[in-house]
Amino acid sequence: THRVAGGLVAGMVSVGGLTRLTRSGLSMTDWRLQGSLPPQTREAWEREFERYKQFPEWQQRQSMTLDEFKYIYAWEYGHRMLGR
């Protein structure tokens, strides 16, 4: 069980590091303790992207496209789900 726990910690640190390197942190503007699924439709993605543009992180990446936003969102989502 120590190896499993150690592997989970190593995985969390690795995903966290990659999340940081891709500057994906805080791409999820709404986080529910019980968890939720990522946007499921194009319209929902567009709404989430517009919400993201209201946060300071957008100032660093104003040339980002919706597809690029989906990519960083996926990294942060994976990081948060692993942490749960």
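The model is a predicted one, and 3 salt bridges are found in it.

**R42 and E46**
- The side chains of R42 and E46 come together in a salt bridge, with a distance of 3.1 Å from N to O.
- Both R42 and E46 belong to helix α2, which covers residues 42-52, and they stand 4 residues apart, or about one turn of the helix.
- E46 is classed as partly exposed because its relative accessibility is 34%, a value that falls between the limits of 20% for buried and 50% for exposed.

**E48 and R51**
- A salt bridge also links E48 with R51, and here the closest N and O atoms are 2.5 Å apart.
- E48 and R51 are 3 residues apart in helix α2, so about one helical turn separates them.
- E48 has a relative accessibility of 6% and therefore counts as buried, since buried means under 20%.
- R51, in contrast, is partly exposed, with a relative accessible area of 40%.

**K53 and E50**
- The side chains of K53 and E50 form a salt bridge in which the distance from N to O is 3.0 Å.
- K53 is partly exposed, its relative accessible area being 25%.
- E50 likewise counts as partly exposed, at 43% relative accessibility.

Methods: Residues numbered from 1 in each chain as written. Predicted model: local features only at pLDDT ≥ 70, side-chain atom pairs only at ≥ 80, totals over all residues. Heavy atoms only, no water. Salt bridge = Lys/Arg side-chain N within 4 Å of Asp/Glu carboxyl O. Helix = DSSP H or I, 4+ residues; strand = E, 2+ residues; numbered from the N terminus. Buried < 20%, exposed > 50% of the residue type's maximum accessible area, 1.4 Å probe, protein only.
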